[in-house]
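Here's a quick walk through one protein model. Have the structure open as you read.

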Amino acid sequence: MEVLFHSSDFLLPSPSSSPPNHRRSSTYALVLLNQRLPKFTPLLWKHAQLRLCADGGANRVFDDLPLMFPHLDALDVRNRFGLLVSFSSVLLYYKPDVIRGDMDSIRTEVLEFYAKQGTKIFDESEDQDTTDLHKCVAYILQSIPNQESNLCILVAGALGGRFDHEIGNINVLCRFSTTRIILLSDDCLIHLLPRTHHHEILIHSSVEGPHCGLIPIGMPSGSTTTTGLQWDLIQQSGV
């Protein structure tokens with residue numbers, strides 16, 4: 001069975017921070033949801049090649065992201081075409097490339113602000129059968145072919161708030177099981193390990209751990225074996 005390698009290089013300041021055999025080779029897309037953004041969101045923004053807000057996630061970028069730069073005026077963070085951030089010498093523009101969703105959460109002034117800045121707006125209010133995250137992932141897959149790019153979709157603000165929203169986000173992992181999607185908050189990182197592969201996970205102990213949970217989704221796992229955990233599983237069934 002083929003081995004899939006997993007590494008949270010996106011939590012590191014630069015590719016050189018990871019071992020040579022695990023240097024960043026993924027293409028990252030970032031989706032921001034309408035929950036509290038993790039404090040490392042500017043780092044995710046820096047690594048991403050495509051940045052989307054799922055409906056009210058735009059409110060979070062507008063309201064919360066400037067708070068992560070307390071030494072700067074909020075209007076400067078929103079309006080500048082470039083922002084010199086402390087962990088890098090590159091200029092970043094904190095304007096989402098796309099806002100997509102059913103538009104029931106985004107505030108009117110936020111929508112108008114980013115529309116004037118040139119953000120692409122997709123009103124999907126006629127589609128009430130999929131979540132805003134589902135809509136954003138579908139857009140990313142249309143824009144960045146998965147097989148060609150080793151695509152990894154980072155989802156910030158995916159945890160916390162309403163439980164049905166959290167479960168809906170986890171359901172998206174299963175609906176798009178062939179795409180690497182990672183749900184992120186300040187204290188959690190969740191991704192799916194498809195049963196079609198063996199998996200090797202590189203842990204960056206400076207930014208991850210020490211806890212790790214394995215949870216079967218939808219049905220019991222047939223047989224699970226792990227190495228490197230404090231309490232490893234050896235051909236454990238029903239887990």
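## The second largest pocket

Helix 7 (163-175) is the top contributor to the lining of the second largest pocket, giving four residues. Helix 5 also puts in at least two residues. Keep in mind that you're looking at a predicted model.

The space in this second largest pocket comes to about 500 Å³. In total, 24 residues line the pocket, and the ones nearest its centre are Ser 105, Thr 131, Asp 132, His 165 and Asn 169. Sorted by class, the lining holds 12 polar, eight charged and four nonpolar residues.

## Helix 5

What about His 47, buried or exposed? Its relative accessible area is 11%, under the 20% cut-off, so His 47 counts as buried. You'll find His 47 in helix 1, which runs over residues 41-47. The His 47 side chain reaches the backbone oxygen of Leu 12 at 2.8 Å.

## The annotated stretch

An unreviewed UniProt entry lists residues 198-234 as "domain: Thiamin pyrophosphokinase thiamin-binding". In the model, the chain over residues 198-234 is 14% strand and 0% helix. The end C-alpha atoms of residues 198-234 are 14 Å apart.

Technical notes
Residues are numbered from 1 along each chain as its sequence is written. This is a predicted model: local features need pLDDT of at least 70, side-chain atom pairs count only at pLDDT 80 or more; totals for chains, interfaces and linings use all residues. Side-chain values use heavy atoms; hydrogens and water are left out. On a 1 Å grid over the protein atoms alone, a cavity is a set of points where a 1.4 Å probe fits but cannot get out, and a pocket is an open set with protein on both sides within 12 Å along at least five of seven lines; lining residues have an atom within 4 Å of a point. Grid points are joined across faces, edges and corners, and a volume is the space filled by probe spheres set on the points. Ala, Val, Leu, Ile, Met, Phe, Trp, Tyr, Cys and Pro count as nonpolar, Asp, Glu, Lys and Arg as charged, and the others, Gly among them, as polar. UniProt positions are given in the numbering used here, feature names are shortened, and annotations may be inferred rather than shown by experiment. Buried means under 20% relative accessible area, exposed over 50%, partly exposed in between (1.4 Å probe, protein chains only). A polar contact is a pair of N or O atoms within 3.5 Å; within protein, one must be able to donate a hydrogen and the other to accept it, and residues adjacent in sequence count only if both atoms are side-chain atoms.
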